[in-house]
Amino acid sequence: HHPQTLHRVRASLREEPSLHAAIVQRVLAGAMVWHVYRDPSGALVMYDDYAAYLVAQQLGRQMIEVKILESNAA
């Protein structure tokens, strides 16, 4: 995780309590999903949801479900 991005997301969560609360609900409901897709070379790439990651960490939870997105490459 990129430290500067994590710092910006932490600030956003502090400034937007409703966003933080919504993410807490998702984490507690077990609705956390890491989205993974294939880049043009075929390598798997994970799309990080930094806000969800930080909230899950605060709650002592892990994001465990992984969903591999289909490639739209022709």
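**Figure 1. Helices α1 and α3 are roughly perpendicular to each other in this predicted model.** Two packed helices are described by the angle between their axes and the distance between the axes. For α1 and α3, the axes cross at roughly 75 degrees and come within 9 Å. An angle of 65 to 115 degrees counts as roughly perpendicular, and the pair is therefore placed in that class.

**Figure 2. Residues of α1 meet residues of α3.** On the α1 side, the contact is made by Thr5, Leu6, Val9, Arg10 and Leu13. Tyr50, Ala51, Tyr53, Leu54 and Val55 are their counterparts in α3. Of the residues in this contact, 8 are nonpolar, 1 is polar and 1 is charged.

**Figure 3. The buried residues of α2 line one face of the helix.** Ile23, Val24 and Val27 are the buried residues of α2. Seen down the helix axis, they fall within an arc of 110 degrees, and so they share one face. In general, an α-helix has 3.6 residues a turn, so residues three or four places apart point the same way. Ser18 and Gln25 are exposed and sit on the face of α2 turned away from its buried side.

**Figure 4. Gly30 lies in the loop that joins α2 to β1.** The strand β1 covers residues 33–38. Just after α2, Gly30 takes a positive phi of about 75 degrees. Its relative accessibility is 48%, and Gly30 therefore counts as partly exposed. Arg61 is 31 residues from Gly30 along the chain, and the C-alpha atoms of these two residues are separated by 9.3 Å.

**Figure 5. The protein as a whole has 3 helices and 3 strands.** From the N terminus on, the order of the elements is α-α-β-β-α-β. The protein has 74 residues, of which buried residues make up 23%. Among contacts between residues at least 6 apart in sequence, 67% join residues at least 24 apart.

Note on methods:
Residues are numbered from 1 along each chain as its sequence is written. This is a predicted model: local features need pLDDT of at least 70, side-chain atom pairs count only at pLDDT 80 or more; totals for chains, interfaces and linings use all residues. Side-chain values use heavy atoms; hydrogens and water are left out. Buried means under 20% relative accessible area, exposed over 50%, partly exposed in between (1.4 Å probe, protein chains only). Helices (H or I, at least four residues) and strands (E, at least two) are DSSP runs, numbered from the N terminus. The arc is that of the directions from the helix axis to the C-beta atoms. Axes are lines fitted to C-alpha atoms, for helices over the stretch in contact, and angles run from 0 to 180 degrees between N-to-C directions. Angles under 35 degrees count as roughly parallel, over 145 as roughly antiparallel, 65 to 115 as roughly perpendicular and the rest as oblique. Contact means heavy atoms within 4.5 Å. Ala, Val, Leu, Ile, Met, Phe, Trp, Tyr, Cys and Pro count as nonpolar, Asp, Glu, Lys and Arg as charged, and the others, Gly among them, as polar.
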